[in-house]
Amino acid sequence: MADNQSIEPPLLEVNNLFTHFDTPRGIAHAVDGVSFTLERGRTLGIVGESGSGKSVLSRTIIDILAKDGSVLHEGEILFEGRDLRQLPEKEMREIRGREIAMVFQDPMSSLNPVKKIGKQITEVLTKRLGMTKQAAKLRAAELIDSVGIPDAEQQLTRFPMHLSGGMRQRVAIAIAMACEPKLLIADEPTTALDVTIQAQILDLLREQQRERDMSVILITHNLGIVSGYTDDVAVMYAGRIAERCGTDELIAHPRMPYTEALMNSAPALSDPPHTRLNAIPGLPPNLLNVPPGCRFHARCPYVQDKCKSDMPELLAEDNPAHTFACWHPLANGKANEVASGGIQ
Amino acid sequence: MQYFRLKLLHLVPVFFLVTFASFMVLNLLPGDLVDAILLDEESAPPTEEDRQALAKELNLDKPVIVRYAIWLGNMLTGDLGRSYVTAQPVTEALGQRIPISLELMLMAQILAVLISVPLGIISGYRANSAFDRSVSAGAFGMLAIPVFIAGTMLIWIFAIILGWLPSSGHTAMSEGVWRNLEKFILPAFTIALVEVPVLMRVLRTDIITTLQEDFIALAKSKGMTTSYILFHHALRPSSFSYVTLLGLQLGNLITGSIVVETLFSIPGVGQLLINSVDNRDEIMVQGVITFVALVYVGVNLAVDLMYAVLDPRVARRT
């Protein structure tokens, strides 16, 4: 396994990626110099507030943003070593759905309301894999069954309106799985769902990932989901990655004040009723007019003069697998000292 | 089915209201109908007996509400009366004209759909591109040109300069399909030219909205081709206003093609209406209006049913 990885390029390597929107009010810096790698079979969580650029990042990778000249890109998206941005549209279409698939946030709006569920699955199979209609129908029923929807064959003739939100999201996952993609991008797949359904959908995603040895990018604003379902995390803020490391490491030793603030703002079940929610003061910066220096400085409780003028790079300190962009990171927690002391 | 019955029920009162109102309005026309009919003839001035006999024959001596009731009763048995002028049964006159108007209308609508759907989809997909802007400019230009000007221009270009198509008249289908069709091409195209700009703009707007939907993003992420997405995913959810408008235009056309029928000398329902109004042939006018009301009601029902076909959620809500 280790040998394999050293020979093959990582599944996905994003290098210094920019996505800017040319709007009438100026350039919106939605994704502003993002780099990360994702190995096969791993799950990367991307966390951040609304407007941090997470969704735009995912739509840039699978290349479904408008192509009318209003969206500007720069940088590399290497998928198995090939730069997706250099591929002609025809080849990119081969990648979409077959190699990289996507599950969207709101299953109420991501399925076509006037098409039968069966058709929405079989069209991928017949158009992309060249299956016959009959074979595609059988396969679609299998897929429906594999995502835990009962009476699979009957479901094929139903419309999305006949299904609940959770069931629709299962259908969306079945569609994404149709061509056995190597990478699944799940853009807030549970945000629009009932809390009790959330865990079911996330478990289903994990199960599908293990069965198919697929890599997953799980986009969420919920650190609780990240801690339970991802191997690595990238925390995004205002179009840039603010902190990146293994999930356990991030939960145990957040270094970037923004990560800490995010953690503090998640309500705990153990809180007594009517506990005031801990919100991060202020708003994320306007992406049309990004402030100089660290993008978080206006809201950071530890802000210093340097933070207001110089932009910190995403760098590691003592642990090479833990990078963060901060001039004055939080101290490596006590737990860490004890642990490293133990090793010595 | 429930949905269908409900819609059908709505349309019954509409039909009665229209025929009643038209009957009343026709009754308000100034002048004495008996005089109008008798004076048209070249014989000697009518005597008082003649006048009374005719009035009795046409039930004109009875109050208007009774006449409506009589007319309604006959209508329900399929008898719309006889022309005051030619004594031809109204149903027979309509029967001769309707197929001609229907053919013109269908050809015009088919042309309008064939032109407006691709234009609307492409300009919606490429909104604000050079293509979209030139199509829009052309559309607004077309909107500003009255139908008789457009028709005259087409006659001038295709019939006079190029000599490709006949400029006017009507030939029965029995004398050859092509000879029948070729006379409809220019008038149908004239009507289509007037309809296309509106249809196209409506479809364009809805396509732009639909293309913002998540299910379009999902279809893209499935690797579907652009043309497949536009025609198979975006068109149907975008076609509500389009179908409504198409239905309204269909209703308008049955009489609204009067100008075109006159311009191209096509003996359709529109011409029948105009001639009957000229001759004060009130019973014929009433017959044409009844037919038009039926068409409107039928088209509206068809449009409502189309909604349910286009979007399964509609049938479910009622």
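Which elements of chain A have the lowest and the highest mean pLDDT? The lowest mean belongs to helix α14 of chain A, residues 334–343, at 35. At the other end of the scale sits strand β3 of chain A, residues 43–47, with a mean of 94.

Now select residues 334–344 of chain A. The pLDDT stays below 50 over this stretch, and beyond near neighbours in sequence it has two contacts in the model. Where pLDDT is low, the predicted coordinates should not be read in detail. For chain A taken as a whole, the average pLDDT is 86, and 94% of the residues score at least 70.

Zoom out to see chain A as a cartoon. You'll be looking at 14 helices and 12 strands. The radius of gyration is 21 Å, close to the 20 Å that the globule rule gives for 344 residues, so chain A is as compact as a globular protein of that length. Of the 344 residues in chain A, 41% count as buried. As for how the chain connects to itself, take the contacts between residues at least 6 apart in sequence: 64% of them join residues at least 24 apart.

Next stop, the place where the two chains touch. Chain A puts 23 residues into the contact and chain B puts in 19. On the chain B side, select α9 (214–221) and α15 (312–317), the elements that give two or more residues each. The largest share of that side comes from α9(B), with six residues. Colour the chain B side by residue class and you get eight charged, seven nonpolar and four polar residues.

Last, stay in chain B and pick out helix α5 (residues 90–125) together with helix α13 (residues 269–278). Their axes come within 8 Å and cross at roughly 135°. That angle makes α5(B) oblique to α13(B). To see who meets whom, show side chains for B:A93, B:R97, B:I98 and B:S101 on α5(B), then for B:V269, B:G270 and B:L272 on α13(B).

Definitions and conventions:
Residues are numbered from 1 along each chain as its sequence is written. Chains are lettered from A and ligands numbered from 1 in the order in which they are written. This is a predicted model: local features need pLDDT of at least 70, side-chain atom pairs count only at pLDDT 80 or more; totals for chains, interfaces and linings use all residues. Two residues are in contact if their C-beta atoms, placed from the backbone, lie within 7 Å. Helices (H or I, at least four residues) and strands (E, at least two) are DSSP runs, numbered from the N terminus. Ala, Val, Leu, Ile, Met, Phe, Trp, Tyr, Cys and Pro count as nonpolar, Asp, Glu, Lys and Arg as charged, and the others, Gly among them, as polar. pLDDT is the predictor's confidence in each residue, from 0 to 100. The radius of gyration is taken over C-alpha atoms; the globule rule is 2.2 Å times the number of residues to the power 0.38. A residue is buried if 20 or more other C-beta atoms lie within 10 Å of its own, exposed if 12 or fewer, and partly exposed in between; C-beta atoms are placed from the backbone. Axes are lines fitted to C-alpha atoms, for helices over the stretch in contact, and angles run from 0 to 180 degrees between N-to-C directions. Angles under 35 degrees count as roughly parallel, over 145 as roughly antiparallel, 65 to 115 as roughly perpendicular and the rest as oblique.
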